[in-house]
Amino acid sequence: MTRTLLTLAEVEALAREAHAAQTDKAGRPYTEHLHAVAEGVRDSGGDDEQIAAAWLHDAVEDDALSEEWLTEAALTNRTKAIVLALTKREGEPPESYAKRIRTTPGALLVKASDLAHNADPARLAVLDEHTRARLTKKYASMRALLGLAP
């Protein structure tokens, strides 16, 4: 028996509901970030599996959805693998995290879109100087580990 996969609209609705109460560091609805990452993936030529992963890229890490939910979800194995690749593990060195992203087909494009939105100067401008400097350094370091242009 084959299961019907969730549509992109259904994945978006699930992600929006799962992250509904969450805000980003600037106090904005977190779903704005998810939307921006998904659109960045789409604009960069990503496919539906990558766009679905973009909507879900922080769901497990932020405990918005469980890893068990992801395992059972009506998503492709590739989408699930991308989400898991992008899920940081407690105590994991950045080098290991970056290697997992680089070696998971389709994950690098999603992470590049995530980093691009996180490092958007307009988004960072509303943060205090210390946080802005810390995050700018963190994002630049991850871009380098992933082999992405500065």
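Trainee: What volume does the largest pocket have?

Mentor: Please bear in mind that this is a predicted model. Its largest pocket has a volume of about 590 Å³.

Trainee: Which residues lie nearest the centre of the largest pocket?

Mentor: A pocket is read through its lining. Here 31 residues line the largest pocket, and Lys-25, Lys-88, Asn-118, Lys-138 and Tyr-139 are those nearest its centre. Two or more lining residues come from each of α2, α6, α7, α8 (121-124) and α9. The largest share is that of α9, with six residues.

Trainee: How many residues of this lining are nonpolar, polar and charged?

Mentor: The lining comprises 13 nonpolar, six polar and twelve charged residues.

Trainee: Let us turn to the core. Which residues of the largest nonpolar core touch the most other members?

Mentor: This core has 37 residues, and Trp-55, Leu-56, Val-110 and Leu-146 touch the most other members. Several helices supply at least two core residues each, among them α1 (8-18), α5 (77-86) and α9 (129-146). The helix that gives the most is α3, with six residues.

Trainee: Why does Leu-56 count as buried?

Mentor: Burial is judged by relative accessibility, with buried meaning under 20%. Leu-56 counts as buried because its relative accessibility is 1%. This residue is found in helix α3.

Trainee: What does Leu-56 touch, leaving aside residues up to four places away in sequence?

Mentor: With those set aside, Leu-56 is in contact with Val-11, Ala-15, Leu-65, Trp-69, Leu-75 and Val-83. As for Tyr-97, 41 residues apart from Leu-56 along the chain, the two C-alpha atoms are separated by 17 Å.

Conventions: Residues numbered from 1 in each chain as written. Predicted model: local features only at pLDDT ≥ 70, side-chain atom pairs only at ≥ 80, totals over all residues. Heavy atoms only, no water. Core = buried A, V, L, I, M, F, W, Y, C linked by side-chain atoms within 4.5 Å. Buried < 20%, exposed > 50% of the residue type's maximum accessible area, 1.4 Å probe, protein only. Helix = DSSP H or I, 4+ residues; strand = E, 2+ residues; numbered from the N terminus. Contact = heavy atoms within 4.5 Å. 1 Å grid on protein atoms, 1.4 Å probe; cavity = no way out; pocket = protein on both sides within 12 Å on 5 of 7 lines; lining within 4 Å. Points joined across faces, edges and corners; volume = space filled by probe spheres on them. Nonpolar A, V, L, I, M, F, W, Y, C, P; charged D, E, K, R; others polar.
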